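This briefing is for a student who is meeting a protein model for the first time. Please look at the sequence and the structure below, and then read the points that follow.

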Amino acid sequence: GRTRVHRKSSMAFPGQSAAAMDEAKQKVIAEMEIEVMTDMYNRLTSACHKKCISTKYKEGELTKGEAVCLDRCVAKYLDIHDRVGKKLTTMYAQDEAKLASQKSQ
């Protein structure tokens, strides 16, 4: 039942159906991006905290050494996250190209 109704509506209103589908797809992508960024932030916070801040708190403020360590740790973490993202994007594009060429054969 549902498939037939969907096909019927997409034939009757092709622009509307495609726009609604694109909107739904964009919403899912946006939600996934938020989830990925939240996960990255949590991992970054945990990793840099463990690396740079002593568990024996002596002062309420960060020491200069802790602050420098955190700056470097965060910069490295974000750099690596960016590099991995770019590499995965490249790999995904290559896979898509392979699939497209296989389908055209």
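C73 is buried, with a relative accessible area of 9%; buried means under 20% relative accessible area, exposed over 50%, and partly exposed in between, with a 1.4 Å probe and protein chains only. This is a predicted model, in which local features need pLDDT of at least 70 and side-chain atom pairs count only at pLDDT 80 or more, while totals for chains, interfaces and linings use all residues. Residues are numbered from 1 along each chain as its sequence is written, and side-chain values use heavy atoms, with hydrogens and water left out.

**Overall architecture**

- The protein has 3 helices and 0 strands, where helices (H or I, at least four residues) and strands (E, at least two) are DSSP runs numbered from the N terminus.
- Read from the N terminus, the order of the elements is α-α-α.
- The protein consists of 105 residues, of which 9% count as buried.

**Disulfides**

- The structure contains 2 disulfides, a disulfide being a pair of cysteine sulfur atoms within 2.5 Å.
- When the bonded cysteines are counted along the chain, the pattern is 1-4, 2-3.
- The link of C48 and C73 is left-handed, with -90° about the S-S bond.
- C48 is buried, at a relative accessible area of 2%.
- The other disulfide is formed by C52 and C69, with 2.0 Å between their sulfur atoms.
- C52 lies in helix α2 and C69 in helix α3, so this pair ties together parts that are 17 residues apart in sequence.
- The link of C52 and C69 is also left-handed, with -70° about the S-S bond.
- C52 counts as buried, with 9% relative accessibility.

- K51 is located in helix α2 and counts as exposed, at 56% relative accessibility.
- Apart from its neighbours within four places in sequence, K51 is in contact with C69 and C73; contact means heavy atoms within 4.5 Å.
- K51 and E66 are 15 residues apart along the chain, and their C-alpha atoms are separated by 9.3 Å.

**A nonpolar surface patch**

- I80, V84, L88 and M91 make a nonpolar surface patch of about 360 Å².
- Patches are made of residues with over 30% relative accessible area and no salt bridge, with like charges joined within 9 Å and nonpolar side chains (Val, Leu, Ile, Met, Phe, Trp, Tyr) within 5 Å.
- A salt bridge is a side-chain nitrogen of Lys or Arg within 4 Å of a carboxyl oxygen of Asp or Glu.
- L88, one of the patch residues, lies in helix α3.

**Confidence in the model**

- The mean pLDDT of the protein is 83, and 83% of its residues reach 70 or more; pLDDT is the predictor's confidence in each residue, from 0 to 100.
- Among the elements, helix α3 has the highest mean pLDDT (92) and helix α1 (residues 2-12) the lowest (42).
- Over residues 1-13 pLDDT stays under 50, and for these residues the model has 2 contacts beyond four places in sequence.
- Where pLDDT is low, the predicted coordinates should not be read in detail.

Technical notes
Areas by Shrake-Rupley, 256 points an atom, 1.4 Å probe, with all protein chains shown as cover.
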